[in-house]
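Hi,

Here is the structure I promised to pass on.

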Amino acid sequence: MGMTAGLRERKKAATRQAVHEAALRLTVEHGLDNVTVEAIADAANISRRTFSNYFDGKEDALLYGEAQRLGTLVRRVREQPPDQSAWRALRGALDSLNEESGVADRALHVRTRLAMNHPTLLARQLAYRVRLEQELSAAVAGREQAGDAGPELLTAAFLTALRVAGQWWCAERETRSLHQLSVLALDQIAQPFT
C-alpha cells in the first residue's frame, strides 16, 4: 500500500507541475485575460474536471511554482541549526534555496511580472504570502529574537524585502540576480534583527 500511495502522490505532483507549466506557457503566449481553464486543461492533456481536482482556478495553476518554492523555504527554515537566531535561520534557508536553484528561475521572473500587472493574480499571490508569513512565524518561534521584534514582525520584514527584491529584479530586467537583490534588500533592513 505504501508504494502505491507514493506512486499516486508522484503522479499527482507531476500532473500539478504539467498544469502549472501549461498555464504559464499559455499566459505568456496569449496574456492572462485570454487564457481559460479549458485551454489550460487541454494543453496539459487533462479534463476540466481533473483541473478542478488540482486547482481552484487559473491563478492558482499559475502560482503553483511559487507555492512550491515558498513551502520549500518554510521547510528549510525548520532545518536550520536550532542555535541560530530567527533572522539567521531565515537568511540561511533563503541561501540554501538559492544554491539549489542556481541560476535565476525564469518561471519565477515570469510569475513576478504577471502578478505586478494583473490585480487578480496579485491578490492570489498576496494570499499565499499571508499564509507563508504565518508558517514562517511558527517556524522561527522559539528561536532567539533580536530586541523586541517578535516572529510576526520579523517574518513580515523578511518577506517584504523579498517582495521588493523581486520588483527590483523585474524592473531592471535581470541585470543582477534575484539572489543578489534579495541580499541587498535584506541587508538594508537587517540592523534591528541581527
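Let's start with arginine 25, which is partly exposed because its relative accessibility is 40%. (Buried means under 20% relative accessible area, exposed over 50%, and partly exposed in between, using a 1.4 Å probe and protein chains only.) Before I go on, please keep in mind that this is a predicted model, where local features need pLDDT of at least 70 and side-chain atom pairs count only at pLDDT 80 or more, while totals for chains, interfaces and linings use all residues. Residues are numbered from 1 along each chain as its sequence is written, and side-chain values use heavy atoms, with hydrogens and water left out.

Salt bridges

Arginine 25 has a salt-bridge partner in glutamate 29, with 3.8 Å between the closest N and O atoms. By salt bridge I mean a side-chain nitrogen of Lys or Arg within 4 Å of a carboxyl oxygen of Asp or Glu, and that rule gives a count of nine. Glutamate 29 is partly exposed too, at 48% relative accessible area. (Helices are DSSP runs of H or I with at least four residues, strands are runs of E with at least two, and both are numbered from the N terminus.)

Helix α1 spans residues 2-30 and also holds glutamate 9 and lysine 12, three residues apart, again about one turn. Their side chains form a salt bridge at 3.9 Å, N to O. Glutamate 9 is partly exposed at 45% relative accessibility, and lysine 12 is partly exposed at 30%.

Which salt bridge ties together parts that are 64 residues apart in sequence? The pair is arginine 124 with aspartate 60, and their side chains meet at 3.2 Å, N to O. Arginine 124 is in helix α8 (residues 119-140), whereas aspartate 60 is in helix α4 (residues 58-62). Aspartate 60 is buried, with 7% relative accessible area, while arginine 124 is partly exposed at 31%.

Helix packing

Two packed helices are described by the angle between their axes and the distance between the axes. Here the axes are lines fitted to C-alpha atoms, for helices over the stretch in contact, and the angles run from 0 to 180 degrees between N-to-C directions.

Helix α8 packs on helix α9 (residues 151-171) at about 130°, with the axes 9 Å apart. That angle makes α8 oblique to α9; under 35 degrees would be roughly parallel, over 145 roughly antiparallel, and 65 to 115 roughly perpendicular, with the rest oblique. On the α8 side, the residues in contact include Leu132, Leu136 and Val140, and on the α9 side they include Leu154, Phe158 and Leu159. (Contact means heavy atoms within 4.5 Å.) By class, the contact of α8 with α9 has eight nonpolar, two polar and four charged residues. In that scheme Ala, Val, Leu, Ile, Met, Phe, Trp, Tyr, Cys and Pro are nonpolar, Asp, Glu, Lys and Arg are charged, and the others, Gly among them, are polar.

Helix α7 (residues 106-117) also packs against α9, at about 95° and with the axes 10 Å apart. This makes α7 roughly perpendicular to α9. Leu108, His109, Thr112, Arg113 and Met116 of α7 make the contact with Gly166, Gln167, Trp169 and Cys170 of α9. These residues divide into four nonpolar, four polar and one charged.

Cheers
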